[in-house]
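Work through the exercises below with the sequence and the 3D structure at hand. Try each task before you read its solution.

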Amino acid sequence: MSLIVAHSLTKTYATESIEVKALQGVSFEIEAGAFLAFVGPSGSGKTTLLNLIGCLDKPSSGRLAVADIDVTQLERKAAASFRGQNIGFIFQSFNLVPVLTAFENVEYPLVMVQEWPLVERRERVLKVLKAVGMLEQKAQLPEQLSGGQKQRVAIARALVTQPKLVLADEPTANLDHETAYRIIRLMKQMRDNFGTTFIFSTHDTRIIGEAEKIHTLEDGRLVEDQERRAANV
Amino acid sequence: MFKLAKIAVRNIRRYRRRSLLTISLIAFGVVFVLVFVAVSSSFKDLMVRQITDSYLGDLQIHRRGYVASIETLPLNLNLSPQQAVNAAKVLQETPEVDSFSERIKFGAMFSNFTETTNIRVNGVVPEREFATCPQMATRISAGDKSVKALEKGKILVPALLARGMGSKVGDTVVIVATNKDGSVNGKTMVVSGILESATGPGGRDGYIHIDDAMEILRMTQREISEFAISVQRPERIDAISALVQARLAAMVKDPAKMPFQVHTWAELSPFANIAKMVDLMTVFIKAMLIAIVLISILNVMIMAVYERVREIGTIAAIGTLPGKILSLFLVEGLFLGILGALAGMGVSLAVIFGLYLWKFTFSFGQATGLVLEPTIDPLQVAIACAMVIGVSILASLQPAFKASRMEPIDALRHV
């Protein structure tokens with residue numbers, strides 16, 4: 001069953017002088033539980049596509065359904081609510097709240113978005129922190145963590161609400177190769193543990209091979225789909 | 001809410017120096033307002049008490065038209081004996097009235113047998129006058145300071161007049177006055193004391209026993225010029241004035257022909273204008289506080305939003321609703337206000353207590369050696385704090401609203 005169905009998606013950014021077509025008629029379907037990468041050079045439309053799937057932006061035309069919801073029609077508040085209930089985000093720069101500890105950062109969506117009761121919340125946060133191997137650092141502030149540790153916390157934050165989908169935009173761009181590889185492995189492991197669909201964008205050829213399915217974008221167009229470790233990446 | 005508060009407090013601590021500066025500014029504003037309010041209201045209360053307890057009373061009752069002609073002390077505008085009895089009955093039956101003193105006021109000539117000058121004289125019942133104007137005794141600088149100073153045949157001479165005429169305690173003087181029929185009469189009296197001046201009307205009057213006044217004016221029955229009234233709760237003066245007015249009106253058949261007029265001290269003393277100016281200044285000072293808080297909080301919160309755009313984008317992206325983001329920044333602004341208000345309140349109370357212990361003395365008009373003992377009404381403290389907190393929320397609204405309206409995609413792109 002498809003978790004995401006995109007049909008003829010276009011996205012055009014218009015400025016006063018020029019019009020940039022970031023996506024040009026992109027269509028695809030993504031199954032639930034997938035571990036998928038959008039790859040392509042800078043400016044190919046990877047981030048734009050993730051923003052559309054993540055309900056952070058709206059397409060200029062085309063249809064996009066996430067978990068059977070036509071997300072192109074969602075109003076601002078409804079989109080926020082949908083994200084809070086269904087989507088986890090992992091950012092390139094980790095984007096942890098600097099005044100909150102690792103525990104509190106992971107706890108944040110359960111408090112501020114889903115309003116879980118204290119006991120269940122604590123139990124859940126500890127479980128996810130343990131899963132990403134950050135239990136010992138739970139009381140540390142982001143500034144006290146390394147890049148890899150921050151991204152582990154970010155993964156835990158994305159997973160803590162048990163979303164249907166986790167979107168990761170260049171999650172390893174700020175990490176060294178070894179750490180990047182570990183993070184991708186961790187994401188995959190989390191997919192296996194929690195059954196969450198993972199979609200990430202990258203142009204790092206060293207980690208692309210970890211994706212089970214790869215969509216390649218070029219100039220806003222989907223040029224090829226490759227199943228598991230395509231030879232030419 | 002607890003989490004919101006926790007995040008707000010941590011963000012305040014995150015920008016420690018800036019937060020401290022903002023809190024200090026707000027605290028400075030609060031100190032300025034509270035100390036000013038304490039000093040000015042204590043000064044005002046002190047002066048009002050001086051005026052009311054020295055000679056004016058809190059309220060006065062006159063015959064209609066008397067106050068308009070008070071400079072000439074017209075005897076033909078005195079209350080008739082029956083009206084005076086009626087007024088006294090109303091005052092006795094009004095529990096809010098602490099005491100009252102009836103007075104016969106008239107203009108007279110004061111002679112020490114070598115020189116003559118004019119004097120304004122109050123004929124009073126000594127016990128009632130001392131009860132209604134308890135600071136009367138403190139104004140007597142020489143001679144007997146008790147009710148005995150106003151026994152029959154004795155006169156309390158105003159200090160300025162005594163100095164000018166060279167009169168001393170024990171001297172014999174003559175008071176000569178014209179009664180309302182135009183005939184002149186005089187009475188020899190002994191100076192029992194010298195009465196220091198007080199600020200405002202009546203502050204330079206002489207005092208004699210009411211029976212002596214009647215004798216000089218050849219009155220057979222008491223025709224009263226004014227009732228000076230002391231009330232139990234001066235802060236309710238307007239309500240008590242209205243009550244007395246209503247009760248007096250109830251005694252006459254035709255209210256349109258009501259012979260009595262009731263005036264509060266503020267309607268009779270020019271100091272009321274100074275008091276109003278002090279109140280006006282307090283309003284301006286409070287407006288300054290509002291401006292300080294508004295600018296400080298607005299500035300710091302705009303900075304906070306500007307510096308945390310990506311953070312706002314992140315929390316918005318992960319599903320935080322705009323209302324929650326708004327609350328986050330409102331609570332932060334609110335806490336800055338609360339901390340500033342608390343710090344300001346603490347320092348203010350310490351300063352006011354210090355001033356209270358200092359017992360600063362000053363002169364005002366004719367009154368000297370006035371001791372300022374500033375105190376602050378808890379209500380004023382509450383008002384200042386509520387004002388700061390309210391304005392803090394108000395000042396945080398715009399930046400908080402801006403944060404809540406940010407598109408996460410734009411905010412996440414922010415560098």
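**Exercise 1. How many helices and strands are there in chain B, and is the chain compact or spread out?**

Step 1. Chain B has 14 helices and twelve strands. Helices (H or I, at least four residues) and strands (E, at least two) are DSSP runs, numbered from the N terminus.

Step 2. The model is predicted: local features need pLDDT of at least 70, side-chain atom pairs count only at pLDDT 80 or more, and totals for chains, interfaces and linings use all residues. Residues are numbered from 1 along each chain as its sequence is written, while chains are lettered from A and ligands numbered from 1 in the order in which they are written.

Step 3. Compare the radius of gyration (taken over C-alpha atoms) with the globule rule (2.2 Å times the number of residues to the power 0.38). For the 415 residues of chain B the rule gives 22 Å, but the radius of gyration is 31 Å, well over that value, so chain B is more spread out than a compact globule.

Step 4. Check the spans. The C-alpha trace of chain B covers about 100 × 50 × 30 Å along its principal axes.

**Exercise 2. Describe Glu115(A) and Lys359(B), residues with a positive phi.**

Step 1. Recall the background. Most residues other than glycine have a negative phi.

Step 2. Take Glu115(A). Its phi is near 55 degrees. Glu115(A) sits in the loop between H3 and helix H4 (118-131) of chain A. Glu115(A) counts as exposed because it has 10 C-beta neighbours inside 10 Å.

Step 3. Take Lys359(B). Its phi is near 50 degrees. Lys359(B) is in the loop between helix H12 (322-358) and strand S11 (360-364) of chain B. With 10 other C-beta atoms within 10 Å, Lys359(B) is exposed.

Conventions:
Buried ≥ 20, exposed ≤ 12 C-beta atoms within 10 Å, placed from the backbone.
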